[in-house]
Amino acid sequence: MMGWIDGIMSVYAVSDLHGQYNTFIKGLEKIGFSDADTLYVIGDAIDRGPDGIKILRYIREHDNMDLILGNHEFMMLNSVPADGGPGFDGVDADIWLFFNGGITTYEEYGNISVEQKKTILGWLATRQVIKIIDINGTEFCLTHSFYIPGCENKRYDELTYDTVSHIVWDSIYRTGDDTHAEDIYGNYDHIFVTGHVPVQRIYMSYEGDDDYNRLEMHRHGNLLCIDGGCALGYNSGINNGAIFLRLDDLKEFPVPVVAQQS
Ligand SMILES: [Mn+2]
């Protein structure tokens, strides 16, 4: 029934890698990821850490991996020219580069060819924002954060800016924030797999737990969050990293952030 018993055909999810390429590769090794498996990266592969573009290219070059758009890829798409040209004059350029750690990605992006830039941007613009997948009869909804019915399996370039913005930014955990959202997940039958807010922050501010060191998936009913806080980087002083989740049996594989070689 479940392929992983024989070492074949498992489906994994991970989110919020935030440029931590070495941690990403270490995680793939830890789960024994093979060509028969599938991996969904549920947004925010880029920014803050140094190797976001490298992660995007790695995902794009593997047929059994895909990216669901996060707010960081959304900001990038709305910052730089879609034709791979120089500069940044999009509506999100300021919040991306100067308030959300996009500058590291922009620097890395500056080192690839115009052709490679166009390829990456074209690929990003055709990624899905909400993805529904069925695994052994269980319906999973993969979204970076929020859910809007009717947007399932739609690509970024098929949705409006405002719709994508709500899906990738709004969160029930960002209390007091202008992207704070209603807890709507219980109204639906899917198991939601999301990222966007580090689990350590949820355990602290939403659960009132003062332990920053839980690199564990957070569950709230049918809403799962697997953002392990790679955004905080290496040597953060807390137990942060990536949480790979095997959807077949909901087994977690936590991977603390490892040092970058560069
Ligand atoms: Mn995010």
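Two strands are said to pair if DSSP finds at least two bridges between them. This definition is needed from the outset, for the account below begins with strands and their partners. The model described here is a predicted one.

Strand 1 and strand 2, the latter formed by residues 38-42, meet this condition: they pair in the parallel sense, over four bridges. One of the residues involved is Val11, whose bridge partner in strand 2 is Thr38. As a general principle, the strands of a sheet pair through backbone hydrogen bonds, and they may do so in a parallel or an antiparallel manner.

The antiparallel manner is also present. Strand 1 (residues 11-14) pairs in this sense with strand 9 (residues 241-246), over two bridges. Here Ala13 has Leu245 of strand 9 as its bridge partner, while Tyr12 stands opposite Arg246 in strand 9.

These pairings belong to an open sheet of five strands, in which the order is 3-2-1-9-10 and the pairing is mixed. Which strands stand at the edges of this sheet? They are strand 3 (65-68) and strand 10 (251-256); each has a single partner strand, and therefore one side of each is left without a neighbour in the sheet. On average, neighbouring strands of the sheet are turned by 20 degrees against each other, direction being ignored.

Helix 1 (residues 21-30) packs on this sheet, where it touches strand 1, strand 9 and strand 10. The direction of helix 1 makes about 140 degrees with that of strand 10. Within helix 1, the residues Tyr21, Thr23, Phe24, Gly27 and Leu28 are buried. These residues cover an arc of only 165 degrees around the axis, so they lie on the same side of helix 1. Just after helix 1, Gly32 adopts a positive phi of about 65 degrees.

Helix 2 (residues 52-60) has buried residues of its own, namely Gly52, Ile53, Lys54, Ile55 and Leu56. Among the elements that cover them are helix 1, helix 5 (102-109) and helix 6 (114-125).

Helix 5 contains Thr105. Is Thr105 buried or exposed? A residue counts as buried if 20 or more other C-beta atoms lie within 10 Å of its own; Thr105 has 31 other C-beta atoms within 10 Å and is therefore buried. Apart from its neighbours within four places in sequence, Thr105 is in contact with Gly19, Ile46, Asp47, Gly52, Ile53 and Met76. Of these, Gly19 is 86 residues from Thr105 along the chain, yet the C-alpha atoms of the two are separated by 8.0 Å.

The protein as a whole may now be considered. It has eight helices and 10 strands. Its radius of gyration is 17 Å, close to the 18 Å that the globule rule gives for 262 residues, so the protein is as compact as a globular protein of that length. The C-alpha trace spans about 50 × 40 × 40 Å along its principal axes. Of the 262 residues, 42% count as buried. Finally, among contacts between residues at least 6 apart in sequence, 71% join residues at least 24 apart.

Conventions. Residues numbered from 1 in each chain as written. Predicted model: local features only at pLDDT ≥ 70, side-chain atom pairs only at ≥ 80, totals over all residues. Axes fitted to C-alpha atoms, helices over the stretch in contact; angles between N-to-C directions. Contact = placed C-beta atoms within 7 Å. Buried ≥ 20, exposed ≤ 12 C-beta atoms within 10 Å, placed from the backbone. Rg over C-alpha atoms; globule rule 2.2 N^0.38 Å. Arc of directions from axis to C-beta.
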